[in-house]
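Below are some notes on the aromatic side chains of this model. Please read them with the structure open.

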Amino acid sequence: MKRFITLQWMLLLILPVFLFSCGSDDSEEEPEPLEPKKDGFYIYGTNTVAASDADLNARMARAVLDPAQGAKVDNMEGIYGKFLYIGANSTISFMEVIDEVATTFGAPGGGTLDSGKVAGNVLIKDKVIFGTLTADAPAIKVAEEGLYYAFANVTTDLFVLMKVKADMIGDATPLNWAAGTGLPLKSISKDSTVFEGKNIALRDAAGYRYRFNNGWHVYNDLSVVTLSSLGVPDYAEAWATGINNVGLLVSNIPNKGEGLYTVRLKYNAATNTWTEKKIKTGFVLKDYSETQMGLFGNAYLTAPKDTAAWEVGVDGYDLHTPEKDGTVYTWEWTVDLLEGREFIFLQDATWGGLQIDYLGATAEGVAIDNGDIVNAKEVGGEHPNYRVINPGTYIITLAVDAATDARTVTIVPAPN
């Protein structure tokens, strides 16, 4: 009995080896590459997200078009677009499948590298790889590694490969809409690409877009207009929620909070999505050296006669530039203030510049502590102006720290 069991175990140990050996003999022959059977348009090549046309990542969707321009549609049949990683010294091909019949396209000479202006209807200020889609022509040559946007128009047989460079542009950015602020490439792989700019000064309550290659359209022939910048679905909604869902969309992206930011823009290949991350790194250092500030209101005696009405169209009281100490700018006034009257601080005696009321600064000093000067709104006033309770001669200083935007108003009685 013992011998029988031992023999049985020996047979079981030998059997898997025999079965594995048979399977190994059958796998020597390489499988035939499979062409995609689903109708559509494909891009693939060496050292890209899709090594062969059979890879699911090879399939191209219709290009996203600008619904406000051209044919005013979101996409068109035969117009394709795709973001994809392409490594250095790669070759890529396109393929179109119609009724399960596949045609592979290359380009004469492997394509041409030249400016968008030479390529025609490419409205970016950069070089692109372009050419005519030609059946069974040489594969298209790509020398530089990068995240590329591939555009193909099968009605005209044009293709464009743009190595993506990113910038920010808009009301919130340093150069407004005149020019973009570049976001250098931080990292790149087949899975994701990250662009990042550091210490970018952004304005509060203002909008911007992310743009590619210093231009607005990878292709624009008036009827076909690609949407080649990133926005959000709706500015007001993004502002209210604080969530910027960026994508190939037309609404500007809101920025909340003035300051210096590290701005990171990321493309995720698996989800074909863009995301942004803004990290505040500091405050915008403003230069107030030439900024004139003055008192504005009706709380001081003015020539030629006193009036209880607020001044309109005049310079206010003692408009002048500040003294500077480090990053702190200080304006000072010695003034006779009238009982029951009010004032604020106003830049250049005009509305729209730096305007500071009681709530716009930290108020301190003996006159504030004693209640000689108060917040007008707390004693029945319509606005939070500085209201004079006890008249007299006062020394008033306004200090603004350009590094932090901290504002301090100090009011003390003048010495007798």
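**Aromatic contacts**

1. One aromatic cluster is made up of Phe83, Tyr149, Phe212, Tyr267 and Trp274. The model is predicted, and the values below should be read with that in mind.

2. How many aromatic pairs does a search of the whole structure find? The count is 20. In one of the pairs, the ring centres of Phe212 and Trp274 are 5.4 Å apart and the planes meet at 40°, so this pair is tilted. The angle falls between the cut-offs, since under 30 degrees would count as stacked and over 60 as edge-to-face.

3. Which strands hold Phe212 and Trp274? Phe212 belongs to strand 16 (residues 206-212) and Trp274 to strand 20 (residues 273-282), so the pair ties together parts that are 62 residues apart in sequence.

4. Are Phe212 and Trp274 buried or exposed? Buried means under 20% relative accessible area. Phe212 has 2% relative accessibility and therefore counts as buried. Trp274, at 6%, also counts as buried.

5. Another aromatic pair is formed by Phe343 and Phe345, with 5.9 Å from centre to centre and 85° between the planes, an edge-to-face arrangement. Both Phe343 and Phe345 are buried.

Conventions
Residues numbered from 1 in each chain as written. Predicted model: local features only at pLDDT ≥ 70, side-chain atom pairs only at ≥ 80, totals over all residues. Heavy atoms only, no water. Phe/Tyr/Trp six-rings, centres within 6.5 Å; stacked < 30°, edge-to-face > 60°. Helix = DSSP H or I, 4+ residues; strand = E, 2+ residues; numbered from the N terminus. Buried < 20%, exposed > 50% of the residue type's maximum accessible area, 1.4 Å probe, protein only.
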